[in-house]
Amino acid sequence: MKFFIDTADVAEIRDLASTGLVDGVTTNPSLIAKSGRPMAEVIAEICSVVPGPVSAEVTATDHATMLREGRYLASIAGNVAVKVPLTVDGLKTCKVLADAGTPVNVTLCFSPAQALLAAKAGAAYISPFVGRLDDIGAVGMDLIADIVEIYAAYDYKTAVLVASVRGPLHVVEAAKLGADVVTLPPSVLRQMYKHPLTDKGLEAFLADWAKTGQSILGPETDAA
Ligand code: G3P
């Protein structure tokens, strides 16, 4: 399973990229606004930090302007994936960009029918928003199960990119369903490391080790 980071905060991305676990980044207009920086500048910087795909979203709503925006965003760096919303114009734009070899991430997906359309339009990624479905009393993860089943039935190559992730449980459920990618808010990736028994166990190991008076590294190991 691939891990993307869902943020436009470059300091966070640099910090998390140092773990070696970050395969890509997703942004959206709200995250760019939160960064307070010019979009082209922040996307170029993220692309230089993370070699994997970096999603940059168009903000026009008509096909012709979306296409111009998408082509511009793709020109910023070789690892940009153009993000378009799941609308008629968005999927028309997806088809043209995908046919020309540009990877497209289709976002704001809330139904299996929408996901089917995105796959037919040649999307490299479909982004179903599980958290926002949970927020309205639906079961976001049911959408992931449906999309995984449909794509497998027709061998669609569109990767299922689970978005609007709210906690580690979403990640585990997505992994059990065989989703290709999760895009994680930085806080969720950090939460995934944590377990109280890990902290407690480590504390006990270190206390016992301190009693031995030993140290693994010393003058005789310095040359190693
Ligand atoms: O980037 C798209 C998605 O992950 C947004 O999530 O938390 O705003 O619902 P959220």
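These legends describe close-up views of a ligand and its pocket in a predicted model. Residues are numbered from 1 along each chain as its sequence is written, and side-chain values use heavy atoms, without hydrogens or water. Local features need pLDDT of at least 70 and side-chain atom pairs count only at pLDDT 80 or more, while totals for chains, interfaces and linings use all residues.

**View 1. The shell around the ligand.** Asp6, Asn28, Lys83, Phe129, Arg132, Ala163, Ser164 and Arg166 surround the ligand (a residue is near if one of its heavy atoms lies within 4 Å). This shell holds 2 nonpolar, 2 polar and 4 charged residues. Here Ala, Val, Leu, Ile, Met, Phe, Trp, Tyr, Cys and Pro count as nonpolar, Asp, Glu, Lys and Arg as charged, and the others, Gly among them, as polar.

**View 2. Side chains facing ligand oxygen atoms.** A polar side-chain atom of Asp6 lies 2.6 Å from a ligand oxygen atom. For Ser164 the distance is 2.7 Å. For Asn28 it is 3.0 Å. The protein covers 81% of the 310 Å² of accessible area that the ligand has on its own (Shrake-Rupley method, 1.4 Å probe).

**View 3. The largest pocket.** The ligand takes up the space of the largest pocket (more than half of its atoms lie within 2 Å of the grid points). A pocket is an open set of points on a 1 Å grid over the protein atoms alone, where a 1.4 Å probe fits, with protein on both sides within 12 Å along at least five of seven lines. The largest pocket has a volume of about 260 Å³, the space filled by probe spheres set on the points.

**View 4. The pocket lining.** The largest pocket is lined by 17 residues (each has an atom within 4 Å of a point). Asp6, Asn28, Leu31, Arg132 and Ser164 lie nearest its centre. By class, the lining has 6 nonpolar, 7 polar and 4 charged residues.

Technical notes:
A polar contact is a pair of N or O atoms within 3.5 Å; within protein, one must be able to donate a hydrogen and the other to accept it, and residues adjacent in sequence count only if both atoms are side-chain atoms.
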